[in-house]
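Here is a short note for a colleague who is opening this model for the first time. Please keep the structure in view while reading the points below.

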Amino acid sequence: MTTAPLAGRLDGLLFFPVTAFAPDGSVDLDTFRAHVRAGVDAGAAAVFACCGTGEFHALTPEEFRDCVAAAVEETAGRVPVVAGAGYGTALAVRYARLAEEAGADGLLAMPPYLVVADQAGLLRHYTELAAATSLDVIVYQRDNAILTPATAVALARTDGIIGLKDGLGDLDLMQRIVSAVRAEGLDLLYFNGLPTAELTGPAYRGIGVTLYSSAVFCFAPDIALAFHRALTTGDDTTVNRLVDDFYRPLVELRAQGRGYAVSLVKAAVRRGGLDVGHVRPPLSEPAPGHVDALMLLVEQGRAALKELGA
């Protein structure tokens, strides 16, 4: 059930920073701090540390703890910090407790590792995770963790579970989930968690899902914030222009490589002047030509904003 304090603080553009690595492959906490600090200064409403874009899958528990603690220190309470948690239930609980020790405000519970569970198993997984920590939990629906409306209602009844982030993109299912939870007089926060959520932002708003994560904010916060402002205020001219000139071509570019939802974003952050290093295996670096194409899209997006006066 939705309870303060986290639920009331998640209002605005959500920042999922990349995790910085040094040339020797180790975590570069100083650069990570700079990335987080720049995002908060630019106007992020929350920091989701060590999640998908932050390569949660590639971090040791110790690295995870250090990064979450660094994000908490850099935000200094200005915005909430939500940390990733995943794998099987026992490891998810371990990561949750590390995040709690590091001072995080909440958890993004990513799908369990490898197995395809039934609804009873998924419900048990998330309820046990929520019971093991005092942190509020947002469940991330995608891949092998797809919920029925009945399971979403059960999660909404669970103490500590405050939200559902959708990375599937099935609007029919999301509408039925929203309706089923509402019909029971319950509350959940809903998030559009698709890799480039802005492209589907107008559609999600139509079913009441207004919160979303923005990978673009990592490397072009001005474009991401202008789009968010336009979407929120009903400025369809700016929304449509940015979709046409920037977000649609970005999604088409992202589709040209495996893992580009992370590696292409990280490469763009480097091109923007902050050396956050490369992705860790099993991800690999994007083709240089694709990075060049992305930076041209950024220029195109900024030119559109200038022309619109947005």
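1. Two strands count as paired if DSSP finds at least two bridges between them. Strand β3 (residues 81–85) and strand β4 (residues 106–109) pair in the parallel sense over four bridges. A83 stands opposite L107 in β4. Bear in mind that this is a predicted model.

2. β3 has a partner in strand β2 (residues 46–49) as well. That pairing is parallel and runs over three bridges. Here V47 has V81 of β3 as its bridge partner.

3. β2, helix α3 (residues 61–75) and β3 form a β-α-β unit, and it is right-handed. A right-handed β-α-β unit is also made by β3, helix α4 (residues 89–102) and β4. β3 takes part in both units.

4. Is β3 buried or exposed? Five of its five residues are buried, so the strand is largely enclosed by the rest of the structure. In a regular strand the side chains alternate between the two faces of the sheet. Both faces of β3 are covered. V81, A83 and A85 are buried on one side, and V82 and G84 are buried on the other.

5. Now the core. The largest nonpolar core has 114 residues. Which residues have the most contacts inside it? They are F48 and F219. Leaving aside neighbours within four places in sequence, F219 is in contact with F246, V265, A268, V269, L294, V298 and R302.

6. F246 leads on to helix α10, where it is one of the buried residues. The helix spans residues 236–254 and bends by about 50 degrees at V243. V243 is itself buried. Other buried residues of α10 include T238, V239, L242, D245 and Y247. P249, L250, V251 and L253 are also among them.

7. What covers the buried residues of α10? The cover includes α8 (201–205), α9 (221–233), α11 (260–271) and α12 (288–308).

8. Apart from neighbours within four places in sequence, S263 is in contact with V279, S284 and P286.

Conventions:
Residues are numbered from 1 along each chain as its sequence is written. This is a predicted model: local features need pLDDT of at least 70, side-chain atom pairs count only at pLDDT 80 or more; totals for chains, interfaces and linings use all residues. Side-chain values use heavy atoms; hydrogens and water are left out. The bend at a residue is the angle between axes fitted to the seven residues ending there and the seven starting there. Helices (H or I, at least four residues) and strands (E, at least two) are DSSP runs, numbered from the N terminus. Buried means under 20% relative accessible area, exposed over 50%, partly exposed in between (1.4 Å probe, protein chains only). Contact means heavy atoms within 4.5 Å. A crossover is right-handed if, with the strands pointing away from the viewer, the path from the first strand over the helix to the second runs clockwise. A nonpolar core is a set of buried Ala, Val, Leu, Ile, Met, Phe, Trp, Tyr and Cys residues joined through side-chain atoms within 4.5 Å.
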